[in-house]
Amino acid sequence: MSLGTRTRLGLVGCVAALAGGALWGQAADFVPITTARLEAPAPEDWVTFSRTLDAQRYSPLDEIDRDNVGRLALAWSRGMGQGALESIPLVADGIMYMLTPSVVVQAVDATNGDLLWEFQPEGSDFQAASRERSKALAIFADVVLLAGPNSTMYGIDARTGALRWQTQADDRGHTSAPLVADGKVITGGTCTGGLRANCYISAHDALTGAPLWKFYTAQAPDDPPGFDTWGGAPIETRRASTWGLAGSYDPERRLVYWGIANPTPNTRLARHGGDPDAIKRSTPADLYSNSTVALDVDSGELVWYYQHLPGDDWDLDYTNARILLRTPIDPDPAAVKWINPRIPRGQARDVVVAIGEPGGLFVLDRATGELVWATPFPYDVPNFHIKDINIETGEVF
């Protein structure tokens with residue numbers, strides 16, 4: 001066992017170890033999670049935050065239906081430690097991997113709740129570090145991946161709970177769920193310390209923890225689109241975090257899609273020295289806040305962005321899931337407010353769908369980021385946070 005961690009085997013695992021078998025107990029025939037399994041998970045598995053890399057969050061299992069749902073009953077339960085909980089479990093080959101309060105990772109038999117192993121990093125006040133708690137775990141090959149406290153990434157042996165590697169990132173808060181794409185674990189989080197330097201999406205090698213790339217989510221003057229959208233604000237304190245849900249991944253285009261929160265400080269007055277007109281009232285303003293970004297999985301370079309709200313004054317994050325799908329484009333003008341007239345009706349397109357914290361539904365072309373259509377959601381209201389969208393250019397007002 002590596003120094004600085006605590007791993008405890010559950011009863012099932014201990015029995016197997018004493019008998020000379022694997023420490024995995026009932027999961028001695030554990031099958032590594034390959035890229036193919038992540039891209040097309042078995043119906044009974046839930047091997048990434050949104051189950052699928054395109055963020056469908058839908059189980060194809062049909063054992064429960066409208067005729068028998070009323071007969072559901074508790075199968076088992078187990079307690080957790082005291083503290084905050086924002087995560088969801090992963091399930092693979094009948095084993096459930098859970099991130100529980102105080103940053104305790106557990107593997108349990110999903111059929112009865114028996115503990116197989118438990119892992120917790122040492123050296124932190126985990127309650128004080130609650131702002132750095134992750135939304136979930138990730139898994140790849142035979143490694144469970146934890147974006148843990150103190151901006152540290154952990155690779156945990158999926159069979160035993162032993163620490164395989166750990167990598168200190170820097171001071172970014174690890175509050176976003178990790179996503180595995182092409183053997184890389186992609187993570188986001190909060191911008192700690194009020195610094196742009198801690199404000200990024202990053203990739204690590206999932207098997208070794210080696211850092212691979214960073215994409216800073218607050219634009220510098222030379223970043224796309226090639227001019228300063230922050231009105232000369234100090235570069236070192238520009239922030240727009242990715243504290244929320246995990247992104248999604250298109251393996252064909254090799255693009256990672258991620259949602260970014262509001263710019264901070266929370267008002268344009270505070271961000272721009274008391275001058276509310278230092279930035280535009282339409283997009284782009286204070287990039288890449290309140291945007292969808294598409295990043296090259298190999299390099300982390302920006303391929304395209306679409307900003308949903310310029311110069312946010314109301315802390316209206318756009319950090320929810322980015323759902324990928326292919327669909328014919330034929331929106332009903334009676335139900336959809338903004339429709340791109342250049343998109344041929346009935347043409348099937350690969351799109352990314354985003355809904356922000358304040359509402360509003362955006363459909364974007366997955367390859368280019370071009371606006372396909374958008375509408376207030378769940379319904380149009382006079383005080384909607386967006387005044388208008390230029391349907392020719394996608395510019396938001």
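Tutor: D142 is buried, as its relative accessible area is 15%. Before your questions, note that this is a predicted model, in which local features need pLDDT of at least 70, side-chain atom pairs count only at pLDDT 80 or more, and totals for chains, interfaces and linings use all residues. Residues are numbered from 1 along each chain as its sequence is written, and side-chain values use heavy atoms, with hydrogens and water left out.

Student: Where is D142, and what does D142 touch?
Tutor: D142 sits in the loop between β6 (138-140) and β7 (143-147); strands are DSSP runs of E with at least two residues, helices are runs of H or I with at least four, and both are numbered from the N terminus. Leaving aside residues up to four places away in sequence, D142 touches F30, I156, D157, A158, R159 and R164, where contact means heavy atoms within 4.5 Å.

Student: What makes R159 and D142 a salt bridge?
Tutor: The term asks for a side-chain nitrogen of Lys or Arg within 4 Å of a carboxyl oxygen of Asp or Glu. For R159 and D142 the N to O distance is 3.0 Å, so by that cut-off the pair is a salt bridge. R159 lies in the loop between β8 (152-157) and β9 (163-168) and D142 in the loop between β6 and β7, so the pair ties together parts 17 residues apart in sequence. R159, at 26%, is partly exposed.

Student: How do you know that K184 and D298 also qualify as a salt bridge?
Tutor: Their N to O distance is 3.6 Å, and the limit is 4 Å, so the pair qualifies. K184 is in strand β11 (residues 184-187) and D298 in the loop between β18 (291-296) and β19 (302-307), so parts 114 residues apart in sequence are tied together. K184 is buried at 10%, whereas D298 is partly exposed at 43%.

Student: Which residues are linked with R253 in a network of salt bridges?
Tutor: The network links D250, R253, R326, D350 and R366. R253 lies in the loop between β15 (248-250) and β16 (255-259), and at 28% relative accessibility R253 counts as partly exposed.

Student: Why is L72 called exposed?
Tutor: L72 has 54% relative accessible area, so L72 passes the mark of over 50%. A335, with 53%, is exposed too.

Student: What makes the protein as compact as a globular protein of its length?
Tutor: There are 3 helices and 24 strands in the protein. Its radius of gyration is 22 Å, close to the 21 Å that the globule rule gives for 397 residues, so it is as compact as a globular protein of that length. The radius is taken over C-alpha atoms, and the rule is 2.2 Å times the number of residues to the power 0.38.

Technical notes: Buried < 20%, exposed > 50% of the residue type's maximum accessible area, 1.4 Å probe, protein only.
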